[in-house]
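This briefing covers two topics, the surroundings of one residue and the interface between two chains. Please read it alongside the sequence and the structure displayed here.

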2 protein chains.
Amino acid sequence: VDAVLGSVTLSSDEAHHAQHVLRLDAGDEVRVFDGQGREWTGRIASLRRSAVSVDLTAEIAAVPEPPVRVTVGVGVLKGQQMDAVVRDATMLGAWAIVPLETAHLAAGKKRPRLSGEHWHRVAVASAKQCGRAVVPVIEGPTTLPDLLARSGFGVTVMLVEPSARASRARSLAEAAAAARPMTALVLIGPEGGWSEAELDLAANGGAQFATLGPRTLRAETTPTVALSGLWTLWGW
Amino acid sequence: VDAVLGSVTLSSDEAHHAQHVLRLDAGDEVRVFDGQGREWTGRIASLRRSAVSVDLTAEIAAVPEPPVRVTVGVGVLKGQQMDAVVRDATMLGAWAIVPLETAHLAAGKKRPRLSGEHWHRVAVASAKQCGRAVVPVIEGPTTLPDLLARSGFGVTVMLVEPSARASRARSLAEAAAAARPMTALVLIGPEGGWSEAELDLAANGGAQFATLGPRTLRAETTPTVALSGLWTLWGW
């Protein structure tokens, strides 16, 4: 063991998984990652009830991260649908995921349970499965005005229904065709679509409206389609 | 009822759904589509055990189909994963879906059940949900040599792992950047990847190798990512 690399203690979730699901033992080889872009091989040094210690043996080259830090703001969906969004946006390189409490969601009958800790676990599992060494930040639920009030996004793309304000909505390729930004915000509405006030607010904030074409997409697939299109344009 | 429009009899699946799930009655308004691009409003004329007759009232403009007829050849996946592929490829405008029995699949331990009729039902349900009036043809399982032996595809894009023959694999944007074809064949390997012989065969047939980037994608999501990228490039 390289003394410079040192050792790490697994989080309690991972410690439980290592002992009771994978049934690992002292000396077994593992891969660990810090969720911020670095990954190592290691060997289990000790296991106790909720603490597993790993001696790091070598750092390995992680999968390159995307060239654009994309924040995905997405109208909160029902349980399993939102899990799919978190899983697939993690796989497709989202830098951060912001669940949005939108106007048309608030008007619905039943507000989905919001669970940042659960979504974080879904993101960690997806990062592991896809070999991504970065786990996106999943922020607490916020509103569109609060998200738009933050500065610093190089480009904001708001996805709209083909029917909504069609005269100003362009294809994703047109909306994102300018020089590749360093950061971007992609806004995906709830199943009921954006309210007029939300569309106005985004337009005033300089958002580019884009449609993903004439067909209706299943809600939980929309972030996958949008991110796939953006990486085709921006390269990843 | 316009005499020119006439009436239609629903298929037994749809007749069952109309009576026992939707609990429709004579006089109720429905929308029907022929799976080949046309859609109508209609009114239920009569219901019997397995026969439901609908008087067509007006033809409605269907969602425009994609500008390229894309055939998706995809290594057969396990039950639910293959259902997801059929569902999402239908949503994303595939013209035809060809389940492929590839070399690495055949080497696996358990061959998935192949069920064209089941997949057709999944495709019909997806077309209904997405407002698409065309149901892709789902062909019987075939092999890569047989599929490649067919002529008539304007462009053939074979998706490969970033590690496989990296020197010849380009991004999807580069592989599909030439003038938009009328027809295309997109080849998506099984979870075990293509065999060397399959890669050679495709190369000799003029296929463009493309990667979808450095990350590992979940197998059932790969067709969605590929089609989303192609429509971003080709416009739909």
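In this predicted model, B:Thr211 is in contact, once its neighbours within four places in sequence are left aside, with B:Val160, B:Glu161, B:Pro162, B:Ala169, B:Arg170, B:Ser171 and B:Leu172.

- B:Thr211 belongs to strand E11 of chain B, which covers residues 208-211.
- B:Thr211 counts as buried because its relative accessibility is 15%, and the cut-off for that class is under 20%.
- A polar atom of the B:Thr211 side chain lies 3.3 Å from the backbone nitrogen of B:Gly213.

**Extent of the interface between chain B and chain A**

- The area buried between the two chains is about 2,200 Å², with carbon and sulfur atoms giving 67% of that area.
- Of the area that chain B buries against chain A, 30% is supplied by B:Arg215, B:Arg218 and B:Thr232, which is more than any other three residues supply.
- In terms of contacts, 25 residues of chain B meet 25 residues of chain A.

**Polar pairs and composition**

- The rule finds 2 salt bridges across the interface, and the side chains of A:Asp88 and B:Arg218 meet in a salt bridge with an N to O distance of 2.9 Å.
- Between chain B and chain A, 6 residue pairs are in polar contact, both residues being at pLDDT 80 or more.
- On the side of chain B that touches chain A, two or more residues each come from helix H2 (79-91), helix H4 (116-130) and helix H8 (222-234) of chain B, and the largest share, 7 residues, comes from H8(B).
- The residues of that side divide into 13 nonpolar, 8 polar and 4 charged.

Terms used. Residues are numbered from 1 along each chain as its sequence is written. Chains are lettered from A and ligands numbered from 1 in the order in which they are written. This is a predicted model: local features need pLDDT of at least 70, side-chain atom pairs count only at pLDDT 80 or more; totals for chains, interfaces and linings use all residues. Side-chain values use heavy atoms; hydrogens and water are left out. Helices (H or I, at least four residues) and strands (E, at least two) are DSSP runs, numbered from the N terminus. Buried means under 20% relative accessible area, exposed over 50%, partly exposed in between (1.4 Å probe, protein chains only). A polar contact is a pair of N or O atoms within 3.5 Å; within protein, one must be able to donate a hydrogen and the other to accept it, and residues adjacent in sequence count only if both atoms are side-chain atoms. Contact means heavy atoms within 4.5 Å. Buried area is the accessible area (1.4 Å probe) that two parts lose on being put together, summed over both. A salt bridge is a side-chain nitrogen of Lys or Arg within 4 Å of a carboxyl oxygen of Asp or Glu. Ala, Val, Leu, Ile, Met, Phe, Trp, Tyr, Cys and Pro count as nonpolar, Asp, Glu, Lys and Arg as charged, and the others, Gly among them, as polar.
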